[in-house]
Amino acid sequence: MPAPKRKTAPQEKAKTGAAKLARLGLRTDMDLALHLPLRYEDETQVQPIQAAGFMGGHAAQVEGVVTASDIQYRPRRQLVVTIADDSGPLVMRFLNFYGNQVKQLAVGVRVRARGEVRHGFFGAEMVHPTYKVVQEGDPLPDRLTPVYPSGEGLPQAYLRKAIAGALSRVDWRDTLSPALLAELRLQAFEPSVRLLHNPPPDVSEHALLDRSHPAWLRMKFDELLAQQLSLKRAQAARRSKGAAALPRIGELSESLMKALPFTLTGAQQRVLAEIRADLHESFPMQRLLQGDVGSGKTVVAALAAAQAIDSGFQAALMAPTEILAEQHFRKIAQWMEPLGVKVAWLTGSLKKKEKLEALARTESGEAQLVIGTHALIQEGVEFSKLGLVIVDEQHRFGVGQRLALRNKGLDAQTVPHQLMMSATPIPRTLAMTYYADLEVSVIDELPPGRTPIVTRIVDQNRRDEVIGRVHAAAQEGRQAYWVCPLIEESEALQLQTATDTHATLAAELSDLNVGLVHGRMKPAEKQIVMDAFSRGEVHVLVATTVIEVGVDVPNASLMVIEHAERFGLSQLHQLRGRVGRGSAASVCLLLYQSPLGPVAKQRLMTMRETTDGFEIARRDLEIRGPGEFLGARQSGQAMLRFADLETDQWLVEKARDVAQKLLHDDPATVEAHLARWLGGREEFLKV
Ligand code: ADP
Ligand code: MG
């Protein structure tokens, strides 16, 4: 006996409906009012069936009376309903259907059906049309029917009803004054929202779809304004905090500059001047130092730290991986320790005794510079006088982690200056929005004497030739990286691949020393291999993406990346940046498995065509769109539902100006506007 059908109680239905709406972020009436259609269906007219048949694949709406209704079994079970109007018949075909549909679509019933008309064997037909049963003379809607972004199990009809209800209840007060609207040439709020939900049929559908209609402009402007207001408020909150001014460029700064084995490039000098000026201020610096891979950010960071130390404060440098942190530690210690600076090293992998010692030196202030990983932000780490925090590869840390380091300042009201570094260049439009609260310095010049990297794309079936090249390079005294394929689904599999690759390469290159590093090795083991590679004793370093950032071995001039098609553009760029650091001509070989998909192909071509990180970032933005560019949580675009940072840049600029003015003259409007547009989502924007 089949189980009895369960009927859903009405309250239960309402509850699940609300929960589903909430999952789309639709909690308040205003949320619903601002849930705007993706597109529209034109149900304002019915066409004669005969004419609809000529539309060739376009959606049409017809109305007719059912003349036949059958369940057919060939080629598979389906419900076939024929309707007809004065001009002729049309077949509606349903491959999935319910018993009550069969009952509903009985002969003699009048239906209004909407769908694509095709020419089947029996004349005009619609497969799975949307339809409803009507009475003769039932009026047609006089507005386009909105189609909303929806979630699983949330039917359009339910959304439409919920939104219509909300539109009758919301507080329509315009947050912008008529004078301001006139100045900006923007439409009022209420008519804009109403028009977008229920546009009259004479509105240009094109302008609705490409969001160029004045009603859309108003929505986009409001959204961008909310974003700018919120960013500027975060900025003001930051500026209301104090920071210790670090004004002294003293003995240490000067002797460090002299001790460097090179002179700074013009770009390094410029960004250093910007940082030095910020450190003079008694509110906290929040500066992003952008520079392509190998552009020399570390030395700038070291000079900033020197200024903090010269001024009597401590500096901390945090890097996302142990390898990277250790590279910084070694390099900076090698520069600074001879000048009498006490540098401490703090990571999770330290032995208990070493760790306690590092913590004690940090707390007492004996350690003037503390370098490490996330271990720096853990509880129990106390600084005596932390004046400057430097975060390398800042995008690899969460907002919370960056804040935690900032909170290790003198007291709640005095926070350290913050310098963030990134080799992932951020396009200008993104910098203006998400990064509105950051000052940005750019190193746009590589140190002299670098030889350009030649990049080749090589089919995986020529792997033997590639191994031959590695061998030849080693015989000329050069070293090579061999990067193993990225296997996102499984770390275990990735590890396995790395060990296998290492074993086969070691066998095939039996006269060479082949090393292996991967993420699961103990830091000490990793370091032994890295050191041997740095000293030139290991010729070929097989690696997973652990070498992605920061590794600096100038004698390595060959980079092989297996299954390059699986990597993202910025990752490939970072990996490739490990070579081309010395005077030898460098080569990067991107091995791929054919056939290549179009996106992967575009990426590899980009890599072949350019080594310019900014150009690569620009193309990455083009291929992926800004939402994905920085990871959804981080990007300014992620906050934006309607505006597009590329096409609406002029609106971004207007919104910026207006935000500035409103914050200055009209706090009540600021509050009202933020409440309307961000509701509870403002925390996303706090950097
Ligand atoms: P990144 O910006 O990728 O962090 P690094 O700071 O690691 O780059 O610098 C890359 C290499 O270039 C290092 O070996 C560093 O010592 C060297 N370097 C930095 N600045 C200069 C310069 N002005 N002239 C020559 N070499 C430099
Ligand atoms: Mg670096």
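How many residues are in the hairpin that joins β2 to β3? The hairpin joins β2 to β3 through five residues.

This is a predicted model, in which local features need pLDDT of at least 70, side-chain atom pairs count only at pLDDT 80 or more, and totals for chains, interfaces and linings use all residues. Residues are numbered from 1 along each chain as its sequence is written, chains are lettered from A and ligands numbered from 1 in the order in which they are written, and side-chain values use heavy atoms, with hydrogens and water left out.

**View 1. Strand β3 and its antiparallel partners β2 and β4.** Helices (H or I, at least four residues) and strands (E, at least two) are DSSP runs, numbered from the N terminus. Two strands pair if DSSP finds at least two bridges between them. Seven bridges link β2 (residues 59-72) with β3 in the antiparallel sense, and D70 stands opposite V80 in β3. With β4 (residues 88-94), β3 again pairs in the antiparallel sense over seven bridges; here V81 stands opposite M92 in β4. The hairpin from β3 to β4 runs through two residues. Strand β3 (residues 78-85) is mostly covered, six of its eight residues being buried (under 20% relative accessible area; exposed is over 50%, partly exposed in between; 1.4 Å probe, protein chains only).

**View 2. Strand β15, with both faces covered.** Six of the six residues of β15 (residues 417-422) are buried. H417, L419 and M421 lie on one side, and Q418, M420 and S422 on the other. Strand β10 (residues 286-291) runs parallel to β15 and is joined to β15 by five bridges; L288 has M420 as its bridge partner. Strand β14 (residues 386-391) also pairs with β15 in the parallel sense, over four bridges, and the partner of I390 is L419.

**View 3. An open sheet of six strands with parallel pairing.** The strand order is β17-β22-β21-β18-β20-β19. β17 (453-459) and β19 (514-517) stand at the edges with a single partner strand each, so one side of each has no neighbour in the sheet. Ignoring direction, neighbouring strands are turned by 20 degrees against each other on average. Strands β18 (residues 479-483) and β21 (residues 556-561) pair over five bridges in the parallel sense, with Y481 opposite M559 in β21. Helix α20 (residues 569-576) packs on the sheet, touching β17, β18, β21 and β22 (586-592), and its direction makes about 150 degrees with that of β21. Helix α18 (residues 491-508) lies across β18, β19 and β20 (540-543), at about 175 degrees to β19. Contact means heavy atoms within 4.5 Å. Axes are lines fitted to C-alpha atoms, for helices over the stretch in contact, and angles run from 0 to 180 degrees between N-to-C directions.

**View 4. The crossing of helices α9 and α24.** The axes of α9 (residues 214-240) and α24 (residues 649-665) come within 8 Å and cross at roughly 50 degrees. This makes α9 oblique to α24 (under 35 degrees is roughly parallel, over 145 roughly antiparallel, 65 to 115 roughly perpendicular, and the rest oblique). Contacting residues include L217, F221 and L224 of α9 and W650, L651 and V658 of α24.

**View 5. The buried residue E326 in helix α13.** Helix α13 spans residues 322-336. E326 counts as buried because its relative accessibility is 12%. Leaving aside residues up to four places away in sequence, E326 touches W345 and Q527.
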